[in-house]
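Q: I would like to learn how to read packing features from a set of coordinates. Could you take me through some, with the cut-offs as we go?

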Amino acid sequence: MTHLNIRNVTEQDIDRCYEIETNAYAGDEAASKEKILKRIRTYPEGFIVLENEREIIGFINAGATDNVVLSDEEFKELVGHDPKGKQIVIMSVVVHPDYQGQGMASRLMDEFIGRMKAMEKREIYLICQTELIPMYARFGYQDLGPSDSDHGGLSWHEMSLTL
């Protein structure tokens, strides 16, 4: 059995995180290396990585706020981020394609939810593609309906989880 570890991100993880982001997301949907680095530097407590003995295989990153607007593209650059905010907005839940379909996203999400509860956050928000709604619903997320976001030129659904 492969040993897995979940930890907070460090700046040294930037290249692997960017590689995973660009391999798992299509085109404009992927965050730039600069955006990922800004997320690492600005809110490392909202950025966790999952690794095996060899490499990082996935991650979740987020920002905090008291004013959630999921269609706000500037928030993906942490404009309006407040580390004391009680609402969390997830920007990426991503697993390298070599490790998808093995429950890795579930491990990440379980850990992330636990950490946000420990930080006394109240809600977690995210946007996702329609086909991912059932996966997030298994964690207790509620579908809030179609989003005004057109991030990456795609259509999205807004979801929230009350902690």
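Q: In which hand does helix 1 pass helix 2?

A: Helix 1 passes helix 2 in a right-handed crossing; a crossing is right-handed if the near helix is turned clockwise from the far one by less than a right angle, and left-handed if anticlockwise. Helices here are DSSP runs (H or I, at least four residues), strands are E runs of at least two, and both are numbered from the N terminus. This is a predicted model, where local features need pLDDT of at least 70, side-chain atom pairs count only at pLDDT 80 or more, and totals for chains, interfaces and linings use all residues. Residues are numbered from 1 along each chain as its sequence is written, and side-chain values use heavy atoms, leaving out hydrogens and water.

Q: At what angle do the axes of helix 1 and helix 2 cross?

A: Two packed helices are described by the angle between their axes and the distance between the axes. Here the axes of helix 1 (residues 14-24) and helix 2 (residues 33-42) cross at roughly 125° and come within 10 Å. Axes are lines fitted to C-alpha atoms, for helices over the stretch in contact, with angles from 0 to 180 degrees between N-to-C directions. The two helices are therefore oblique to each other (under 35 degrees is roughly parallel, over 145 roughly antiparallel, 65 to 115 roughly perpendicular, the rest oblique).

Q: Which residues of helix 1 and helix 2 meet?

A: From helix 1, Ile 14, Asp 15, Cys 17, Tyr 18 and Glu 21 meet Lys 33, Ile 36, Leu 37 and Ile 40 of helix 2 (contact means heavy atoms within 4.5 Å).

Q: Which residues of helix 1 are buried?

A: An α-helix has 3.6 residues a turn, so residues three or four places apart point the same way. In helix 1, the buried residues are Ile 14, Arg 16, Cys 17, Ile 20 and Glu 21 (buried is under 20% relative accessible area, exposed over 50%, partly exposed in between; 1.4 Å probe, protein chains only). Their cover includes helix 2, strand 2, strand 3 and strand 4 (87-95).

Q: Is Val 94 buried or exposed?

A: Val 94, in strand 4, is buried, with a relative accessible area of 2%. Beyond its neighbours within four places in sequence, Val 94 has contacts including Ile 20, Glu 21 and Ala 24. Its C-alpha atom is 6.5 Å from that of Ile 60, 34 residues apart along the chain.
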